[in-house]
2 protein chains.
Amino acid sequence: MDFDKLNGLVPAVVQDDESGEVLMVGFMNHEALQRTIASRYATFFSRTRGRLWTKGESSGNRLRVARLLVDCDEDTVLIRAVREGAGKVCHTGERSCFFRELEAGAAGLAAAGGSRPAEGS
Amino acid sequence: MDFDKLNGLVPAVVQDDESGEVLMVGFMNHEALQRTIASRYATFFSRTRGRLWTKGESSGNRLRVARLLVDCDEDTVLIRAVREGAGKVCHTGERSCFFRELEAGAAGLAAAGGSRPAEGS
């Protein structure tokens, strides 16, 4: 894996292994990836909190790794995952973090509606 | 959109709108996202080349935007795309850049097989 392009991190895309839905994108450092492999549960490095966090560690909505893929130039991972708990991956209560269409509004790139909640678990 | 977390960039996940297959992940700066919205073709900022590039500009394997989604905290975009040309998104000739399983090898996180080709178009 190439962690050098992004200051020790790689993006990690999580996709529902059954439906194919893209659920979230987080970042992993080397340790987060090792822990993900060892535990079989998606674990990220939180840029805002500066520490590892296993998705769902507080909510129970964990993501069990079904398959772990790497891209051609080894700077991104794709996790095909099984949703546990209530299956609500987003901290807003949605199944997926990608629940809004981007609108090309007056500000150019304003997302449609709503506030911007803090990054959750 | 929040471009501040990653030095002016956001990850952009491209998913095949028909099959749901995750095809690639690139990075966009504000200009790349504006151009993507205006042209309806996925355009990224190449970190290695330091310039914008429209996916498939040389190969013809362009990615037409069917839907453009943003995540809950507005720091990642998801493009649901229609593959044009031969439909081979990866510069290796594969349909998707994610064609290898990650193996937890001796080095901990070695990807299976092969060299690491330069980032392609």
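User: What percentage of the 121 residues in chain A do buried residues make up?

Analyst: Buried residues account for 54% of the 121 residues in chain A. Buried means a relative accessible area under 20%, exposed means over 50%, and partly exposed lies in between (1.4 Å probe, protein chains only). The structure is a predicted model, in which local features need pLDDT of at least 70, side-chain atom pairs count only at pLDDT 80 or more, and totals for chains, interfaces and linings use all residues. Residues are numbered from 1 along each chain as its sequence is written, chains are lettered from A and ligands numbered from 1 in the order in which they are written, and side-chain values use heavy atoms, with hydrogens and water left out.

User: What makes the aromatic pair of A:Phe44 and A:Trp53 tilted?

Analyst: Rings of Phe, Tyr and Trp (its six-membered ring) pair if their centres lie within 6.5 Å; planes under 30 degrees apart count as stacked, over 60 as edge-to-face and the rest as tilted. The count by this rule is two aromatic pairs over all chains. In A:Phe44 and A:Trp53, the centres are 5.4 Å apart and the planes are at 40°, which makes the pair tilted. A:Phe44 is buried, at 0% relative accessibility, and A:Trp53 is buried at 3%. In chain B, the rings of B:Phe44 and B:Trp53 also have centres 5.4 Å apart and planes at 40°, so this pair is tilted. B:Phe44 and B:Trp53 are both buried.

User: How do you know that A:Arg49 lies over the face of A:Trp53?

Analyst: A charge sits over a ring if NZ of Lys or CZ of Arg is within 6 Å of the ring centre and within 35 degrees of the ring normal. A:Arg49 is 5.3 Å from the ring centre of A:Trp53 and lies over its face. B:Arg62 likewise lies over the face of B:Tyr41, at 3.8 Å from the ring centre.

User: Why are the buried residues of α1(B) said to line one face of the helix?

Analyst: Helices (H or I, at least four residues) and strands (E, at least two) are DSSP runs, numbered from the N terminus. Helix α1 of chain B covers residues 30-39, and its buried residues are B:Ala32, B:Leu33, B:Thr36 and B:Ile37. Viewed down the axis of α1(B), these residues fall within an arc of 135°, so they line one face. The arc is that of the directions from the helix axis to the C-beta atoms. Their cover includes β2 (22-28), β5 (63-70) and β6 (77-83) of chain B. After α1(B) comes B:Arg40, with a positive phi near 65°.

User: What makes β7 of chain A and β2 of chain B edge strands?

Analyst: Two strands pair if DSSP finds at least two bridges between them. The order β7(A)-β5(B)-β6(B)-β1(B)-β2(B) describes an open sheet of five strands with mixed pairing. β7 (100-101) of chain A and β2 of chain B each have a single partner strand, so one side of each is left without a neighbour in the sheet. Within the sheet, β1 (residues 10-16) of chain B pairs with β6(B) in the parallel sense over five bridges.

User: Why is A:Gly20 called buried?

Analyst: The relative accessibility of A:Gly20 is 9%, so A:Gly20 counts as buried. A:Gly20 is in the loop between β1 (10-16) and β2 (22-28) of chain A. Leaving out residues up to four places away in sequence, A:Gly20 touches A:Gln15, B:Gln15 and B:Gly20, contact being heavy atoms within 4.5 Å.
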